[in-house]
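Me: I want to check the labels on this structure against their cut-offs. Show it first, then take my questions in turn.

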Amino acid sequence: MSGKPKLYYFDGRGKMESIRWLLAAAGVEFEEEFLETREQYEKLLQDGFLLFQQVPMVEIDGMRMVQTRAILSYIAAKYNLYGKDLKERALIDMYVGGTDDLMMFIMMFPFLSAEDKEKQRAFIVQKATSRYFPAYEKVLKDHGQDFLVGNKFSWADVHLLEAILMVEEKKSDVLSGFPQLQAFKARISSIPTIKKFLEPGSQRKPVPDDKYVETVRRVLCMYYDLKAN
């Protein structure tokens with residue numbers, strides 16, 4: 001294994017995108033191997049690299065890690081993005097969990113039919129504006145600090161910014177009623193490592209397109225359980 005973390009996934013967002021975001025936020029360079037054929041996936045299985053027969057898989061610090069949440073928790077702890085004590089870690093886990101719930105609705109979107117996509121778009125915006133964004137707006141307003149937990153940049157901030165940008169791709173003015181989140185977005189986006197990741201040419205992946213969906217279906221033999229991890 002090389003010194004840099006190596007990510008095994010498709011050339012697209014999916015569950016790996018949050019891992020890319022967190023590594024980038026920590027200023028960590030990483031390599032990627034994109035799965036394009038069923039044979040690549042089967043070789044990983046045959047070599048015993050996929051403990052639960054799933055990707056994402058990340059090679060890091062001599063380990064081959066699977067399970068998205070475990071990977072993210074490890075990276076957050078390793079690069080001091082996981083709070084200063086157990087209480088802060090619990091808050092970060094809680095906020096990340098809420099953001100994950102919202103992201104799951106969006107992650108399913110590319111795999112839906114055209115008719116279902118329109119319904120899902122409305123559903124995503126409704127959930128974001130009635131359940132998730134009001135919660136984070138209140139957290140930021142109540143404590144009056146720049147970051148979600150402990151007034152220090154953490155995994156929770158990275159995850160929330162990623163989610164905000166994903167929802168904005170479905171409705172560009174979705175933050176119009178959330179002044180705290182507007183300021184939060186501007187603040188977190190200006191952090192040098194985040195700003196670099198948001199620039200063209202970074203390893204951030206674009207909105208999933210038909211080619212991405214086709215590749216996932218082909219490699220996984222038409223089955224892609226988004227709730228598996």
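Me: Which residues of helix α7 are buried?
Reply: L181, F184, I188 and S189 are buried in α7, residues 179–189. Buried means under 20% relative accessible area, exposed over 50%, partly exposed in between (1.4 Å probe, protein chains only). Helices are DSSP runs (H or I, at least four residues), numbered from the N terminus.

Me: What puts them on the same side of α7?
Reply: The arc they cover around the axis is only 115 degrees, so they share one side of α7. The arc is taken from the directions from the helix axis to the C-beta atoms.

Me: What is the source of the model?
Reply: This is a predicted model, where local features need pLDDT of at least 70 and side-chain atom pairs pLDDT 80 or more, while totals for chains, interfaces and linings use all residues. Residues are numbered from 1 along each chain as its sequence is written, and side-chain values use heavy atoms, without hydrogens and water.

Me: What covers the buried residues of α7?
Reply: The cover includes α5 (114–143), α6 (155–168) and α8 (192–198).

Me: Why is α6 called roughly perpendicular to α7?
Reply: Their packing angle is about 115 degrees, with the axes 10 Å apart. Axes are lines fitted to C-alpha atoms, for helices over the stretch in contact, and angles run from 0 to 180 degrees between N-to-C directions. Under 35 degrees counts as roughly parallel, over 145 as roughly antiparallel, 65 to 115 as roughly perpendicular and the rest as oblique. Therefore α6 is roughly perpendicular to α7.

Me: Which residues of α6 and α7 meet?
Reply: D157, L160, L161, I164, L165 and E168 in α6 meet L181, F184, K185, I188 and S189 in α7. Contact means heavy atoms within 4.5 Å.

Me: Why does E168 count as buried?
Reply: E168 has 15% relative accessibility, so it counts as buried. E168 sits in α6 and touches V174, L175 and K185, leaving out residues up to four places away in sequence.

Me: What makes L81 buried?
Reply: Its relative accessibility is 6%, so L81 is buried. L81 lies in the loop between α3 (68–78) and α4 (86–107). Beyond four places in sequence, L81 touches L22, A26, A76, I92, F153, S154 and W155. L81 and W155 are 74 residues apart along the chain, yet their C-alpha atoms are separated by 5.3 Å.

Me: Why are α4 and α5 called roughly antiparallel?
Reply: Their axes come within 9 Å and cross at roughly 165 degrees. That angle is why α4 and α5 count as roughly antiparallel.

Notes:
Helix = DSSP H or I, 4+ residues; strand = E, 2+ residues; numbered from the N terminus.
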